[in-house]
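Here is a short briefing for a reader new to protein structures. Keep the sequence and the 3D view open as you read.

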Amino acid sequence: MKNTIISVIICFTIAGCNNVSQKQENKTIADMNPQFDAFKVNFIEELWKVYPTWASSQGYHKYDSILVVPNDESREKELTFSKTNLNSIKAYDLAGLSDNNKTDYYMIENQLKSIEWAINEQKSFEWNPSEYNISGAFAEILNGNYDSLDIRLRNFNLKMANIPAYYMAAKNNVKNPTIEHTQLAIDQNMGGISVFEKDFHEALNKVHFGEHEKQMMEANAKEAVKAIKDYAAWLKDLINKTPRSFRLGKELYAKKFEFDIQSGYTIDEIYAKAVAHKKELHQKMFELADKLWEKHVGGSISVSLGIKSKLSKPTDSLQLIKQVIDKISEKHVKPEEFQTAIEQQLPVLIDFIKKKDLIYIDPSKPLVVRKEPDYMAGVAGASISAPGPYDKNGNTYYNVGSLSGWDKEKAESYLREYNHYILQILNIHEAIPGHYTQLVYSNQSPSLIKSLFGNSTMIEGWAVYTERMMLENGYDDSPEMWLMYYKWNLRSTCNTILDYSVHTKNMSKEEAMNLLVTEAFQQKTEAEGKWKRVSVTQVQLCCYFTGYTEIYDFREELKKQLGDKFNLKKLHEKFLSYGSAPVKYIKALMMNTPS
Ligand code: ZN
Ligand code: ZN
């Protein structure tokens with residue numbers, strides 16, 4: 001413990017201390033980086049042979065024409081790939097690797113072990129029929145503009161030829177599927193048919209292939225549609241007397257959490273932290289709402305049974321909080337101002353960060369704000385589109401949705417959700433200093449491994465952490481802002497409680513709705529959607545709170561250790577310089593201790 005403290009203090013106070021310690025290490029330990037770099041190149045080439053559709057989705061188009069049939073043979077191939085490479089990485093002594101390669105090493109190892117676990121233990125290829133769904137991958141080939149339409153259509157056609165065999169294998173794999181995933185599989189597969197019936201047909205009309213070739217392709221598309229419809233009908237009629245529960249179960253859940261989240265905490269520790277955090281948030285929210293009630297709600301008139309009366313202050317603390325939240329949510333921009341409001345906030349955020357010296361923002365990499373492209377339309381709000389790992393010159397965009405064409409009621413409800421306060425938190429999260437800033441930093445230590453296996457817990461955790469960090473530094477210190485922020489933070493906290501409780505503690509839908517609507521102040525439709533999501537996914541909902549907690553705890557630990565030598569800006573920049581690696585490895589490297 002004492003050693004850790006001393007080494008951290010040295011690293012934060014003496015510039016260039018990392019170089020000194022590395023030079024000393026190099027005397028005795030061989031530099032393994034050139035060999036490891038060569039290994040990584042080869043590893044990824046082999047990875048794409050085993051997962052050609054994944055390759056296409058990442059912008060690597062050499063294997064666009066291949067659709068792997070998901071059978072024993074292909075699973076054997078995956079297992080051999082994992083085993084071979086797990087053996088290969090053993091040859092590299094971690095001490096001889098750079099920090100960037102150390103984290104890459106851990107991430108490769110985790111990915112390979114996770115492949116083995118998924119096939120041998122989780123076996124979702126048996127109980128989750130929605131794993132078989134190909135329309136998205138085919139739509140990407142049609143919509144991508146990386147190659148001429150001629151080439152893309154011919155690859156599309158070659159890949160399509162395997163669709164009947166693909167669904168035949170799917171039927172062979174599926175055993176006692178969950179009812180929820182069966183329904184999802186039927187809906188998604190039927191929903192994707194238009195790619196082959198309509199989109200492909202329309203694209204064919206744009207090219208000048210010979211009549212014969214076109215007819216062959218149309219015939220293949222017909223076979224594909226037939227195979228998809230057959231699969232959906234087969235699922236519908238499936239006699240499934242002992243369906244698997246959609247609840248993952250404690251043992252599998254703990255393992256999946258380990259592989260997907262890669263936290264320094266166990267799920268039990270995170271769950272306990274989430275429960276305690278919820279309690280703490282409720283307390284803070286009550287104190288704020290209690291003060292704000294008179295100002296915002298106090299004079300309101302309520303009409304009940306035709307009798308007007310002054311609203312009385314609720315005795316129930318959750319009721320009280322809800323009334324204040326509902327009232328201050330009414331402060332929001334007009335629908336037509338939504339986009340400009342977001343654009344105008346970005347320079348304000350940058351100025352604030354500069355003034356407070358929170359993190360360096362590279363002025364040569366401005367964020368390109370654009371109206372959300374058509375193919376993303378429907379989900380308003382804001383999101384970041386980053387270029388894929390093989391598209392180095394691509395722009396990073398901040399997609400901002402437009403509410404034009406929305407009916408009044410829908411727009412109003414949306415704008416109350418993304419009100420004056422939450423809209424700013426959204427910009428912090430998505431753009432500056434959240435996702436976009438993190439991306440700029442991670443691009444400085446380019447790693448294909450981190451682009452492909454990037455740790456979503458670190459990525460989301462950082463964005464959620466910056467929300468609190470900005471408020472703590474005084475971005476908007478009003479009690480209204482804090483109350484809204486706590487509500488927002490309560491969402492990711494309750495996501496974790498919900499996910500773990502549903503999958504391992506048998507939480508009922510009724511209990512879940514109580515958690516989300518009463519305790520987390522969500523709209524009923526939002527809560528219903530969340531219930532649907534938690535019944536077909538596992539663990540993913542935990543990444544926001546887990547990452548946030550790890551980063552926040554790490555910062556507080558450093559603060560305590562370094563006292564007045566602690567520097568927030570330095571911490572942020574150093575932390576982000578490791579790229580999208582799991583927080584526990586970044587922490588170990590920054591603390592200069594073996595993990
Ligand atoms: Zn309004
Ligand atoms: Zn995010």
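## The zinc site

The model is predicted. The zinc ion (ligand 2) has these protein donors: His 429 (NE2), His 435 (NE2), Glu 460 (OE) and Glu 460 (OE), at 2.1 to 2.8 Å from the ion.

- Along the sequence, the donor residues of the zinc ion (ligand 2) follow the spacing H-x5-H-x24-E.
- The site of the zinc ion (ligand 2) is irregular, and the angles among its four donor atoms run from 51 to 152°.
- For comparison, four tetrahedral donors have an ideal angle of 109.5 degrees.

Start with the general rule. Most peptide bonds are trans, and most residues other than glycine have a negative phi.

- Ile 432 and Pro 433 are joined by a cis peptide bond, with omega at about 5°.
- Pro 433 sits in the loop between α19 (420–430) and α20 (435–442).
- Lys 123 is not a glycine, yet its phi is positive, at about 55°.
- The place of Lys 123 is the loop between α6 (99–122) and α7 (124–127).

## Helices α8 and α9

Which way do α8 and α9 run relative to each other? Look at the angle between their axes.

- Helix α8 (residues 135–143) and helix α9 (residues 149–160) have axes that come within 9 Å and cross at roughly 165°.
- Angles over 145 degrees count as roughly antiparallel, which means that α8 is roughly antiparallel to α9.
- The crossing of α8 with α9 is left-handed.
- On the α8 side, the contact is made by Phe 138, Ile 141, Leu 142 and Asn 143. On the α9 side, Arg 152, Leu 153, Phe 156, Lys 159 and Met 160 take part.
- By class, the contact of α8 with α9 has six nonpolar residues, one polar and two charged.

Now take a second pair of helices.

- Helix α12 (residues 194–204) packs against helix α13 (residues 211–237) at an angle of about 165°, and their axes are 10 Å apart.
- Therefore α12 and α13 are roughly antiparallel to each other.
- α12 and α13 make a right-handed crossing.
- From α12, the contact uses Phe 196, Glu 197, Phe 200, His 201 and Leu 204. From α13, the contact residues include Lys 214, Met 217, Glu 218 and Ala 221.
- The residues of the contact of α12 with α13 divide into eight nonpolar, one polar and four charged.

## Around Ser 300

- Ser 300 lies in the loop between α15 (267–296) and β1 (301–304).
- Leaving aside residues up to four places away in sequence, Ser 300 touches Ser 309, Lys 310 and Leu 311.
- Ser 300 and Lys 327 are 27 residues apart along the chain, and their C-alpha atoms are separated by 9.9 Å.

Notes. Residues are numbered from 1 along each chain as its sequence is written. Chains are lettered from A and ligands numbered from 1 in the order in which they are written. This is a predicted model: local features need pLDDT of at least 70, side-chain atom pairs count only at pLDDT 80 or more; totals for chains, interfaces and linings use all residues. Side-chain values use heavy atoms; hydrogens and water are left out. Axes are lines fitted to C-alpha atoms, for helices over the stretch in contact, and angles run from 0 to 180 degrees between N-to-C directions. Helices (H or I, at least four residues) and strands (E, at least two) are DSSP runs, numbered from the N terminus. Angles under 35 degrees count as roughly parallel, over 145 as roughly antiparallel, 65 to 115 as roughly perpendicular and the rest as oblique. A crossing is left-handed if the near helix is turned anticlockwise from the far one by less than a right angle, and right-handed if clockwise. Contact means heavy atoms within 4.5 Å. Ala, Val, Leu, Ile, Met, Phe, Trp, Tyr, Cys and Pro count as nonpolar, Asp, Glu, Lys and Arg as charged, and the others, Gly among them, as polar. Donors are N, O and S atoms within 2.8 Å of the metal (3.2 Å for Na, K and Ca); water is not among the atoms, so sites may look incomplete. Four donors count as tetrahedral if all angles lie between 85 and 135 degrees; four count as square planar and six as octahedral if opposite donors are over 155 degrees apart and all others between 65 and 115; anything else is irregular.
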